[in-house]
Amino acid sequence: MQHETRSEAPLSPVGNRKDIGGTVESLTAGIGPDSWAATLTPRLAQFAVVARHEHVTRAARQLGMPQPTLSRSLARLEEDLGVALFARHGRTLSLTAAGRTFLAAVERALADVDRAAESVRADADPAAGKVAFGFLHTMGSETVPELIRAFRADHPRVRFQLVQNYGEAMIERLRAGDLDLCLTSPVPDAPDLVARRLDEQKLRLVVPEDHPLAARRRIRLAEAAAELFVTLEPGYGLRRITDALCAQAGFSPKIAFEGEDPETLRGLVAAGLGVGLLPPPAVPRPGVVELAVTAPRAVREIGVAWLDGHPDTPPVAAFKRFLLSRRGQLLLHR
């Protein structure tokens with residue numbers, strides 16, 4: 001979960017020493033050269049170790065640093081904060097009330113850093129790391145499960161974070177860093193992305209089984225110019241392809257319904273609401289007839305995309321190589 005923290009007047013260790021609560025806000029609002037985070041972070045772990053030992057010499061030994069250096073670091077920390085964190089009793093120390101308050105926040109922050117470090121290290125693990133992978137709805141019933149099954153035959157412990165969505169939404173999440181790779185159509189062409197064509201899929205004109213065209217096996221798309229179409233909503237790649245193919249055939253489709261799922265559209269075709277230009281179904285659906293389109297050439301290209309210049313973790317690199325090795329063999333139904 002991401003949290004956004006806004007501060008109209010960011011605290012500065014030089015110009016604005018208010019309270020400890022303000023330092024927490026500045027840590028989340030962004031780290032600049034004058035922020036509390038940049039000033040205090042190098043000394044937080046040292047402070048926590050001294051607080052646990054209540055003894056500078058023992059803490060210095062654990063930290064592997066000279067005792068005078070640690071003492072100067074603590075003094076500078078208190079000077080920067082403008083608050084006494086320790087009461088001195090000879091060679092031993094005890095936390096002041098402010099020190100106890102500060103320690104609780106510091107220990108939470110250090111624990112968060114430890115967890116974050118372990119998490120990103122685990123995600124990058126070559127054998128058991130994570131791949132954030134996006135794919136189209138029409139790839140979800142067979143293609144993606146088969147890809148993951150085949151990949152995990154050699155990488156059984158790699159984890160997948162899967163996102164099923166339409167093309168434009170996945171590209172946005174790719175750019176936001178939420179996805180490592182996405183399987184999409186049309187294959188994107190953008191300067192900030194790298195995309196590789198993997199396969200192509202024939203599109204068919206799907207008509208109700210009692211439609212006058214149902215006796216045909218093939219059709220030119222121009223012959224359907226007078227029909228009502230059921231199609232995906234604007235923004236979906238298949239909708240853009242449908243509009244482009246109809247334009248090549250010399251007409252703009254009359255839309256009876258716009259949806260989000262091709263199999264829902266196939267059901268509406270069976271109900272007689274219209275015809276549709278759709279990829280092959282995973283399982284044949286009763287009530288419809290699927291006609292090969294002879295002109296224009298009705299296909300959609302499927303490709304994989306990733307953010308240009310974005311470094312891959314070992315599991316992402318392995319899955320990318322695997323996808324590229326499946327060129328021409330990606331789809332079970334074409």
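Five strands build an open sheet with mixed pairing, in the order 4-3-5-13-6. Neighbouring strands are turned by 20° against each other on average, direction ignored. Strands (E, at least two residues) and helices (H or I, at least four) are DSSP runs, numbered from the N terminus. Two strands pair if DSSP finds at least two bridges between them.

The model is predicted: local features need pLDDT of at least 70, side-chain atom pairs count only at pLDDT 80 or more, and totals for chains, interfaces and linings use all residues. Residues are numbered from 1 along each chain as its sequence is written, and side-chain values use heavy atoms, with hydrogens and water left out.

## Strand pairings

Strand 3 (residues 130-135) runs parallel to strand 4, joined by six bridges. Lysine 130 has arginine 159 of strand 4 as its bridge partner.

Strand 13 pairs with strand 5 in the antiparallel sense over three bridges. Here threonine 184 stands opposite glycine 303. Strand 13 also pairs with strand 6, again antiparallel, over nine bridges. Arginine 196 faces valine 304 of strand 13. Eight of the nine residues in strand 13 are buried, that is, under 20% relative accessible area with a 1.4 Å probe, protein chains only; exposed is over 50%, partly exposed in between.

Contact means heavy atoms within 4.5 Å. Axes are lines fitted to C-alpha atoms, for helices over the stretch in contact; angles run from 0 to 180 degrees between N-to-C directions.

Helix 3 (residues 56-63) and helix 4 (residues 67-81) pack at about 110°, with axes 9 Å apart. Helix 3 is therefore roughly perpendicular to helix 4 (65 to 115 degrees). Val56, Thr57, Ala59, Ala60 and Leu63 of helix 3 meet Gln67, Leu70, Ser71 and Leu74 of helix 4.

## Aromatic pairs

Rings of Phe, Tyr and Trp (its six-membered ring) pair if their centres lie within 6.5 Å; planes under 30 degrees apart count as stacked, over 60 as edge-to-face and the rest as tilted. The count is eleven aromatic pairs. One of them is edge-to-face: phenylalanine 151 with phenylalanine 160, 5.9 Å centre to centre, 85° between the planes. Both residues are buried. Phe151 and Phe160 belong to one aromatic cluster with Phe133, Phe135, Phe319 and Phe322.

Definitions and conventions:
Parallel < 35°, antiparallel > 145°, perpendicular 65-115°, else oblique.
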